[in-house]
There are 4 protein chains.
Amino acid sequence: MTEAKARYNRQIVDKRGAILDAACRLFAERGFHGTTVPEVADRAGVGAGTVYRYFESKEALVNALYQEWKTEFGRALMGKLDPQASPRRQFHDFWQHMAEFATKHPEAVSFLELHHHAPYLDEKSRECEEKVRGPIVSFIEDMQRRDIIKPIPPDMVMAIVYGAFVGIAKAAQGGYLQWSAETLETAENCAWEAIRM
Amino acid sequence: MTEAKARYNRQIVDKRGAILDAACRLFAERGFHGTTVPEVADRAGVGAGTVYRYFESKEALVNALYQEWKTEFGRALMGKLDPQASPRRQFHDFWQHMAEFATKHPEAVSFLELHHHAPYLDEKSRECEEKVRGPIVSFIEDMQRRDIIKPIPPDMVMAIVYGAFVGIAKAAQGGYLQWSAETLETAENCAWEAIRM
Amino acid sequence: MTEAKARYNRQIVDKRGAILDAACRLFAERGFHGTTVPEVADRAGVGAGTVYRYFESKEALVNALYQEWKTEFGRALMGKLDPQASPRRQFHDFWQHMAEFATKHPEAVSFLELHHHAPYLDEKSRECEEKVRGPIVSFIEDMQRRDIIKPIPPDMVMAIVYGAFVGIAKAAQGGYLQWSAETLETAENCAWEAIRM
Amino acid sequence: MTEAKARYNRQIVDKRGAILDAACRLFAERGFHGTTVPEVADRAGVGAGTVYRYFESKEALVNALYQEWKTEFGRALMGKLDPQASPRRQFHDFWQHMAEFATKHPEAVSFLELHHHAPYLDEKSRECEEKVRGPIVSFIEDMQRRDIIKPIPPDMVMAIVYGAFVGIAKAAQGGYLQWSAETLETAENCAWEAIRM
DNA sequence: CATGAATGAGTTTTCATTCAT
DNA sequence: TATGAATGAAAACTCATTCAT
C-alpha cells in the first residue's frame, strides 16, 4: 500500500513537472503563440484537460515556467560563488555556472531568452527578473569598487557578458560552433577581456 | 502613359512598403504567431485582402521581410568599410554601422533577432543568412591572418561581438541602459578588447 | 446491525438529500445547463463522483428533482383541503398552501417554474406533471358545477391563478413587491375575483 | 449596380437579423446555456464566425436580443393606447396588444419570459426593463387615481395581469388551451375582474 | 486593383463522467 | 462506499484566407 501510494504520488508530482517540461521544450522551439495546449499535453503524456488542473490558463503556464526557470538560473549563477577566490577565478566560476546550466537545460536557456520581456509575462515574472538581476549587479559593483572590472554601468557588463554567452549558445545551436569545454573556455577569456580593467 | 505608370508603380511600391513596415513592427513586438494579418493590414492602412495581393501568405510575408532586412543589414555592415583604414578603425566603422542601423531601424533589429532560425523561415531566408555571414567571416579571417584578432573560430568572434551588441540593444530597450553615442562607444571598446589579439 | 444499518441509511439519505438540495438551488439560480455537476457536489459537501452513486447522470438528477418537488407541491396544494369548508374558504386554503410552500421552498418554486416543459425532462416527469394537474382540474370542475367558478376551461382557471401567483412571486424576488402575508392576501382576492362567478 | 448594391446591402442587413431570429428561437427553446453558437449560426444560415462579426460574444448576443425584444414589446403595449377611450376599452386594447404581440412573436415572449432577470443580462438590459416598466406603472397609477383599478401596488397589478397572460400563453404552448381570439377574450375578462375596483 | 465581410478550420477552455485509490 | 484527479468530447471564440463587389 505504501508502495502503491508512493507510485500514485509520484504520478501526481510528475504530472505538473511533465507539463512544465513539455511546455519548456515546445515554447523554446515554436514560441508561445506557436505552441498549442494539446501539443503540450500530448508531449507531457497527459490529457489536454489536465493541463488546466495545474495551470489556470496557457498564460499562467508560461508565467509559472518563466518564474521557475529564471529563479533556478539565478540560483545556479550566484548560489555557489566563493567570495575568497580571486576575481578571475570568480568570473571563471560564474561563467562555468552559466555553461553548466546551459548544458544541463539548453531548452530552458532558449526559453528564457525567447520570452524575455514578452507582453504576456505578468508582474510576478517581472519581479522574478529583478530578483535575479539584483545580486549580479551587486557582484559587478563590488568588482568595480576593487578596480577589477571596468568602471562602466553594471548593466552594460551584464549585457556584454550575457549577450556574448547567448551568442555562443545560439551559434552552437545553429551548428556554427561546437558546444564544448574548449569553446566555452575560449569564449570565457574573450568575455573576461571585454570587461576587465 | 509613362507618367501614369510611374504613379501606378509608386502606389504599388508604397502599399507593399507600408505592409512590410507594419509587419516588421508587429512581428517584432508580438512575434509571428502573435500577430494577425488584419492587424498588419490595419496598421499599414490597407484592406486585409490587399496583403494577399502582395504576399501569397502570412509565411511569405515574414520571409520577404526577413530577406529584405537581413540583406539591408548585411549591406549596412560591410558595404562601406574602408580597406585602407587601420584595423581598429575598421572595427570602429563596423560597430558604428551596426549602431546606425539599429538607431534607424530598431524594429528591424528586434525582428531579425526574434525570428533568427524560426521554423517558418524558408530556404531562401536561410540562404540570405549565409550571404550576409560570408563576407563577415572573410573579413574576420583576414584580420586574424594579420594577427589583429584572436585566432579563434570566426563564428565565435561574430557570436561574441554581435551577441554583445544585441545585449546592449536589449538592455537599452528594457530601460536598463541609455541608447546613446557614449554607451555605444564604451561598449565598442569592450567588444574590441574581447576579440583583439 | 439494525442500528448500524439505520445509521448507514441515514447517511445515504442525507447525502442524496444534500445533493438534491444543492441541485435545486443551483438549477433555480443558473438553469440546468448553467450548472456544473462539480458545483452541485461542492455545495452539497460531497465529492463529484458521489453524485453519480445516487444519480445516473445529470439528467437523471434534474428529473428526480423535478419529480420530487412536483409531487411535493401537488401534495401541499390539494392534500389538506377541507371539503366541508365554503368555496371561498377552500380557495383561500388553496392559495394559502401555495403561499406556504413558496415561503418554505422558494428555490423549489423557481426551479419548477424554470424547468417547466424543459426538453431534458423525461416521460416520468411529464406523468408526474399530469398527476398533479388531475386533482386540481377535478377540483375546479366541481366548483364550476356548483356555479362558483366561471364556466371556462379548467386549464384557463389554473393558468390564470397560478400565473398570477408566479407573477407575484417573481415580482417579490425582483424586489418590486414585498413577500408578506398582506401582499399575498391582496393578491388572493384579485385571483379570486378573476375566476369567481 | 444600384440593384446589385441593394442586394448586397439586403444580405448584410438580413444577416444580423437572421442571427437574432435564430438565436431567439433557440434561446427560447433550450435556454441560453443549452444553445450553442454554431447552432445559432446554422439556423441563421451563416458561418459560425459570422456571429462574432455582429456580436462580441454569446452574452452580447443575448443582451442585444433581450433589449431589442423588450423595447419592441414595450412599444407594442403602450404605443397605441387611446387616452380618450374608456378605461375598460383601454384595458382591452392593452390586452389586445399583448395578444397580438404574442401571436406574431411567440418565441419572443417565451424568450423574454425565460431570460427575465438572468444573471448574464447586463446593466443595459436591466435599464431597458425599467424603461418598459415605467410607463405601465404610470398608466396603472392613473387608473387608480380615477378609482378604476384597485388601490394596490401597481407592480401587483402588473404581476397579476402579465402573470395571468403568461400563464395562458404557456398553457396554450403546452396544448392545454387553444390560442384563439375566444380564449384570449375570456382570459381578458378574468384579468380585468382581477384588478378592477 | 482594392476591399472587407464571410467563413470554417483550428485554438483555448470547460465539464460530464469515469476509475484508481 | 466515497472521493477527486484525470480525461476527451464539445463549447466559445479567433483568424488566415477567399471572393463578391
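Modeller: Let us begin with a charged pair: the side chains of Glu68(A) and Arg16(A) meet in a salt bridge, at 3.0 Å from N to O. Please bear in mind that this is a predicted model.

Colleague: How many salt bridges are there between domain 1 and domain 2 of chain A?

Modeller: The count between these two domains of chain A is one salt bridge. As for polar contacts across the interface of domain 1 and domain 2 of chain A, the rule finds four residue pairs, with both residues at pLDDT 80 or more.

Colleague: Which elements of domain 1 of chain A give two or more residues to the side that touches domain 2?

Modeller: They are α1 (2-30), α2 (37-44) and α3 (48-54) of chain A. Of the elements on that side, α1(A) gives the most, with eight residues.

Colleague: And what is the make-up of that side by class?

Modeller: The side of domain 1 of chain A that touches domain 2 has 12 nonpolar, three polar and two charged residues.

Colleague: Let me step back. Where do the domain bounds fall in chain A?

Modeller: The domain assignment gives domain 1 as 1-55 and domain 2 as 57-195 of chain A. Their C-alpha centres lie 27 Å apart.

Colleague: How many residues are in contact between the two domains of chain A?

Modeller: On the domain 1 side of chain A there are 17 residues, in contact with 17 residues of domain 2.

Colleague: What area is buried between domain 1 and domain 2 of chain A?

Modeller: The buried area between them is about 1,400 Å², and carbon and sulfur atoms give 78% of this area.

Colleague: Which three residues of domain 1 of chain A supply more of its buried area than any other three?

Modeller: Those are Cys24(A), Phe27(A) and Phe32(A), which supply 42% of the area that domain 1 of chain A buries against domain 2.

Colleague: A change of topic: how many helices and strands does chain A have?

Modeller: The secondary structure of chain A comes to nine helices and zero strands.

Colleague: What does the C-alpha trace of chain A span along its principal axes?

Modeller: It spans about 60 × 40 × 35 Å. In chain A, 49% of the 197 residues count as buried.

How values were computed
Residues numbered from 1 in each chain as written. Chains lettered and ligands numbered in written order. Predicted model: local features only at pLDDT ≥ 70, side-chain atom pairs only at ≥ 80, totals over all residues. Heavy atoms only, no water. Domains from an automatic or database assignment. Contact = heavy atoms within 4.5 Å. Buried area = accessible area lost by both parts, 1.4 Å probe. Salt bridge = Lys/Arg side-chain N within 4 Å of Asp/Glu carboxyl O. Polar contact = N/O pair within 3.5 Å; in protein donor to acceptor, adjacent residues only side chain to side chain. Helix = DSSP H or I, 4+ residues; strand = E, 2+ residues; numbered from the N terminus. Nonpolar A, V, L, I, M, F, W, Y, C, P; charged D, E, K, R; others polar. Buried < 20%, exposed > 50% of the residue type's maximum accessible area, 1.4 Å probe, protein only.
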